[in-house]
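Reader: Thanks for sitting down with me. Could we walk through this model together, starting with the overall picture and then turning to some single residues?

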Amino acid sequence: MLNTFTEQLTRAGQEIEHESFAIVDREAGPHNYFADQWPIVRRMIHATADFEFNGLTRFHPNAVAAGVDAILSGNPIIADVEMICVGLSRPRLAHFGVAPHQFISDEDVIAQARAMNSTRAVQAMRKAHQRGLINRGIAAIGNAPTALLEVVRLIREESARPALIVGMPVGFVSAAESKDITRALSDVPWIVTQGRKGGSTLVVAAIHALLALAETRRQTLPSKP
């Protein structure tokens with residue numbers, strides 16, 4: 001059954017994508033991911049041609065189900081940078097009524113970061129929480145470790161409850177540590193990449209995979225009378 005809303009729009013595009021996924025499956029070889037987790041890892045490998053994500057990608061036990069439920073409920077996506085919002089397919093998001101948000105370049109965010117000697121990413125996450133977007137939303141972090149650390153702080157200190165954290169910041173300062181801290185969360189689901197590797201491209205790939213899984217779930221739900 002094709003995900004007509006979450007696949008490539010042309011048959012040629014679909015064939016290329018399916019062949020690419022088949023190549024990833026063959027070359028990746030054995031893996032320890034569950035059936036609902038592998039499509040996410042596979043799409044991340046497809047987006048980067050980096051097979052190390054077969055092993056570097058880690059899942060909270062409830063992560064995939066929580067992400068799919070959030071998408072089917074039309075809950076928002078809160079990104080740390082504009083690149084994630086630009087990379088996500090607007091038609092696919094609109095199909096589920098999901099809206100992406102990012103505040104990294106807002107003037108008030110910049111001013112607050114300067115006043116408090118913090119980062120824009122921290123203040124952007126605080127603004128999202130103040131607007132009620134973090135709770136039940138998908139926190140999508142692909143660039144700034146400080147954004148991921150702030151989401152964890154909001155969970156621990158201000159009772160924020162995102163439906164899912166996709167935490168894949170890239171870099172050398174606090175990137176690996178921020179993901180290790182996220183993995184310590186037991187009551188909020190997460191998908192993270194271990195170590196320094198990450199990036200907005202990976203977050204976009206993971207969310208697109210969740211959108212496809214959500215469409216598969218929607219197609220298998222019984223029709224309402």
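Reader: What percentage of the 225 residues of the protein count as buried?

Author: Happy to start there. This is a predicted model, so local features need pLDDT of at least 70, side-chain atom pairs count only at pLDDT 80 or more, and totals for chains, interfaces and linings use all residues. Residues are numbered from 1 along each chain as its sequence is written, and side-chain values use heavy atoms, with hydrogens and water left out. Taking buried as under 20% relative accessible area, exposed as over 50% and partly exposed as in between (1.4 Å probe, protein chains only), the buried share of the 225 residues is 51%.

Reader: What radius of gyration does the protein have, and what would a compact globule have?

Author: The radius is taken over C-alpha atoms, and the globule rule is 2.2 Å times the number of residues to the power 0.38. For 225 residues that rule gives a value near 17 Å, and the protein agrees with it, at 17 Å.

Reader: How many residues of helix 11 are buried?

Author: Helices (H or I, at least four residues) and strands (E, at least two) are DSSP runs, numbered from the N terminus. Helix 11 covers residues 200-220 and reaches 31 Å from its first C-alpha to its last, close to the 30 Å expected, where the expected span is 1.5 Å times one less than the number of residues. The rest of the structure largely encloses helix 11, because its buried residues number 15 of the 21.

Reader: Which residues does A209 touch, not counting those up to four places away in sequence?

Author: A209 is found in helix 11 and is buried, with a relative accessible area of 3%. Its C-alpha is separated by 9.8 Å from that of D36, 173 residues apart along the chain. With contact meaning heavy atoms within 4.5 Å, the residues that A209 touches are P39, I40 and R43.

Reader: Is A49 buried or exposed?

Author: A49 is found in the loop between helix 2 (38-48) and helix 3 (53-56). Although A49 is not a glycine, it has a positive phi of about 55°. With a relative accessible area of 65%, A49 is exposed.

Reader: What is the relative accessible area of S174?

Author: S174 lies in the loop between strand 5 (164-167) and helix 10 (175-183). Its phi is near 70°, a positive value in a residue other than glycine. S174 is partly exposed, and its relative accessible area is 29%.
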